[in-house]
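Hello,

Here is the structure I promised to pass on. My notes follow below it.

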Amino acid sequence: MKKYIFGNMKMNMTLKDIEIYIEKFLPLVSASRNEVAIFPSFVNLMFAKQKLTASKVLLGAQNVYSEPYGAYTGEVSAEMLKAVGVSYVIIGHSERRKLFLEKNDAINTKIKQSLGQGLKVVLCVGETKYERQSKKFKQVLEREISEALRGLYENELKNIIIAYEPIWSIGTGKLPTQKEVEQVSGIIRNEIKQEYSETASKNIKILYGGSINSQNAKTFSSIPGINGLLVGGASLVAEEFAKIANV
Ligand code: PGA
């Protein structure tokens, strides 16, 4: 089955780096059956789009603003992203929640803005180490999902992918067990069932993210209930991310 393999490049890579990266990456993934997307920084999006045009690799952005336009110095709107050829936008990444104090209601507005412009959304959810140890993670995940999706119709879910990223696993090399990821996929699907329907719960796409590399990609992308991977650090090296994209 087709998997979704997304590379979140975070605040890395200059224009030149992206050029070299894409030139190396495209021939390596030309036979991939998966939906592959790279998420470079805002300033590299337009250039990356030009380099990707002849390929099936899609383009994503790492963030978007919650308002459509206006006096919001330094921000980028969903319409602007759409206009440069972006397909996906990551919303609610734990780094944005923690460092930029992004809350669920802002995340909800960002999702609505993005869907309104025809962008697909990768909504990130996940618990801290403390929340996992204190068994609060189920509650945390349910809340993140229900508040992020508040007011959305069931037919809009086809343009939303939920990425489960345990915060304690991001960039640490620490991995949850396969059982733990499968359990969280169940929690997410159950939450979607409560809020929407059985069909919505079956159809929603769920990614796993956190310390994925070419060695563990196959294992984690094959966990029941998981439809793909959101990759950070390992997406920065073209050869490494290509191996993951070809799982
Ligand atoms: P990582 O990051 O793969 O470097 O752990 C994942 C992410 O933050 O999306």
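**V29 and its surroundings**

Leaving out neighbours up to four places away in sequence, V29 is in contact with V57, A242, A245 and N246. Contact here means heavy atoms within 4.5 Å. V29 is found in helix α1, residues 15-29. Helices (H or I, at least four residues) and strands (E, at least two) are DSSP runs, numbered from the N terminus. V29 is buried, at 6% relative accessible area. Buried means under 20% relative accessible area, exposed over 50%, and partly exposed in between (1.4 Å probe, protein chains only). V29 and A54 are 25 residues apart along the chain, and their C-alpha atoms are separated by 13 Å.

**What you are looking at**

This is a predicted model, where local features need pLDDT of at least 70, side-chain atom pairs count only at pLDDT 80 or more, and totals for chains, interfaces and linings use all residues. Residues are numbered from 1 along each chain as its sequence is written, and side-chain values use heavy atoms, with hydrogens and water left out.

**The chain as a whole**

The protein chain has 11 helices and eight strands. Its C-alpha trace spans about 45 × 45 × 35 Å along the principal axes.

Buried residues make up 52% of the 247. Take the contacts between residues at least 6 apart in sequence: 72% of them join residues at least 24 apart. The chain exposes about 11900 Å², and carbon and sulfur atoms supply 54% of that. Accessible areas come from the Shrake-Rupley method with a 1.4 Å probe; for residues, only the protein chains shown count as cover.

There are 33 positive and 25 negative charges, and their mean positions are 4 Å apart. Lys and Arg count as positive, Asp and Glu as negative; His and the chain ends are not counted. Each charge is placed at NZ of Lys, CZ of Arg, CG of Asp or CD of Glu.

**L59**

L59 is found in strand β3, residues 58-61. L59 counts as buried because its relative accessibility is 1%. Not counting residues up to four places away in sequence, L59 touches I38, P40, L45, A48, K49, L52, V84, G85, V86, S87 and Y88. I206 is 147 residues from L59 in sequence, and 19 Å from it in space, C-alpha to C-alpha.

**R132**

R132 lies in helix α6, residues 129-133. R132 counts as buried, at 13% relative accessibility. Its side chain makes a polar contact with the side chain of E127, at 2.8 Å. A polar contact is a pair of N or O atoms within 3.5 Å; within protein, one must be able to donate a hydrogen and the other to accept it, and residues adjacent in sequence count only if both atoms are side-chain atoms. Beyond four places in sequence, the residues that R132 touches are E127, F137, Y164, W168, E180, Q183 and V184.

**The loop between β1 and α1**

Which residues have a positive phi here? K10 does, with phi near 50 degrees, and K10 is not a glycine. K10 lies in the loop between β1 (4-8) and α1. M13 lies in the loop between β1 and α1. M13 has a positive phi of about 80 degrees, and is not a glycine. M13 is buried, with a relative accessible area of 19%.

Best wishes
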